[in-house]
Amino acid sequence: MTILPATNSTLSAKELGEYIKDTYQLHPNFNCELFRTGINHTYFLSDTKTTYVLRVYTHNWRSKSEITEELKLLKLLQKNNLSVSFPIKDKNGEFIQDVNAPEGIRHAVLFSFAKGEKVRFLDKETCFSIGSLMANLHLLTLDNTINRISYNKESLVELPHQHLKQFFSEELSEMKFIKEIGDLFETSDFENTQNGVVHMDIWYDNMAITEEREITFFDFDFCGNGPQILDVGYFCKQLFHIEIDKKEYELKMAHFLEGYQAIRPLSDNELQFIPKAGLAVFVFYLGVQAQRFDWSNIFLTKGYLKMLYIPKLKSWIDYNRIEKTTIAQD
């Protein structure tokens, strides 16, 4: 029988749990369960009182130095009493584990559990609180840099088109549209804003909210450097697609921005850039799906672009009256 190598595996929760319990000296009563697979794999370790979150990074997705920078950021935020899920030390004082998976070494980190629930439909008071927490994160890291990706015109809206060319013809109308979106941006767009560390993925799926509206941010896997208005624009764009009633969207966005600006005022340039900032981050994540074809291949079809992703980009462009592009039609 021929044994073939793997490119991506799902590790056994039982054996992984035994390893983590020993490495972190957790009580034998802790149980490890796979929560979900995705770009990285997430497991919950829990007993009757305590839950931890174990992230197992996909092979060759993040280098150990990139993960170290992510954890340094989280420890800084924790030290300054910002509500984030933070890394846990093992019995030897280490934060990163190396797991010998079938495809090669995968890194793993144990995090604190964010109390509360994921809340898709947010009320306006919670939007205000989210804005305040985001602004505090930005204020603490304003003008700072970490040793990770810098988000700019190239990484946000040019490289995604290059990544997608592996799967789609440039003659496809949707590909022409994505390329034309890049033409909406000037390099200077990303230079007339306040820069610092950005989370890049703040939306309801990456925060937990308690009944008392205590909010905890988690999943800093895409953290990096760049205009902090990117986080603002991305949250607004996600909120836009969740709220069918656009009057509700406008109300909740206003409360979010009010909460943000109570901590860190935004310049006129930044406020005007919010729609384009949200657009840029959405294009970036389409490029991520192409980079991680092993995870997202079910999405990378002509139908997915035509029926789901491109309409989201178009509706945002139209609603915010971003300069129109000439789109070729099939």
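Contact here means heavy atoms within 4.5 Å. The model is predicted: local features need pLDDT of at least 70, side-chain atom pairs count only at pLDDT 80 or more, and totals for chains, interfaces and linings use all residues. Residues are numbered from 1 along each chain as its sequence is written, and side-chain values use heavy atoms, with hydrogens and water left out.

**View 1. H41 in strand β2.** Strands (E, at least two residues) and helices (H or I, at least four) are DSSP runs, numbered from the N terminus. H41 has a relative accessible area of 3% and is therefore buried (buried is under 20%, exposed over 50%, partly exposed in between, with a 1.4 Å probe and protein chains only). Apart from neighbours within four places in sequence, H41 is in contact with N8, S9, T10, R36, L54, R55, V56 and R106. The side chains of H41 and R106 are joined by a polar contact of 3.5 Å. Such a contact is a pair of N or O atoms within 3.5 Å; within protein, one must be able to donate a hydrogen and the other to accept it, and residues adjacent in sequence count only if both atoms are side-chain atoms.

**View 2. V53 in strand β3.** Strand β3 spans residues 51–56. V53 is buried, because its relative accessible area is 16%. Not counting residues up to four places away in sequence, V53 touches T42, Y43, F44, V109, L110, F111, S112 and F113. V53 and A208 are 155 residues apart in sequence, and their C-alpha atoms are 13 Å apart in space.

**View 3. The largest nonpolar core and M200.** A nonpolar core is a set of buried Ala, Val, Leu, Ile, Met, Phe, Trp, Tyr and Cys residues joined through side-chain atoms within 4.5 Å. The largest one has 86 residues, and M200 and F217 have the most contacts inside it. Helix α8 (residues 268–291) gives the most to this core, with 13 residues. With neighbours within four places in sequence left aside, M200 is in contact with Y151, L156, F222, L230, D231, Y234, V281, F284 and Y285. A second, separate core of 18 residues includes L11, L26, L45 and A101.

**View 4. The largest pocket.** On a 1 Å grid over the protein atoms alone, a pocket is an open set of points with protein on both sides within 12 Å along at least five of seven lines, a cavity is a set of points where a 1.4 Å probe fits but cannot get out, and lining residues have an atom within 4 Å of a point. Grid points are joined across faces, edges and corners, and a volume is the space filled by probe spheres set on the points. The largest pocket holds about 1,300 Å³ of space. It is lined by 46 residues, of which R36, W203, D205, N206 and D219 are the closest to its centre. Its lining divides into 24 nonpolar, 11 polar and 11 charged residues. Nonpolar covers Ala, Val, Leu, Ile, Met, Phe, Trp, Tyr, Cys and Pro, charged covers Asp, Glu, Lys and Arg, and the others, Gly among them, are polar.

**View 5. The largest cavity.** The structure holds 1 cavity of 30 Å³ or more. The largest cavity has a volume of about 40 Å³. R120, L122, W203, Y204, F235, Q238, L239 and I242 form its lining, which divides into 6 nonpolar, 1 polar and 1 charged.
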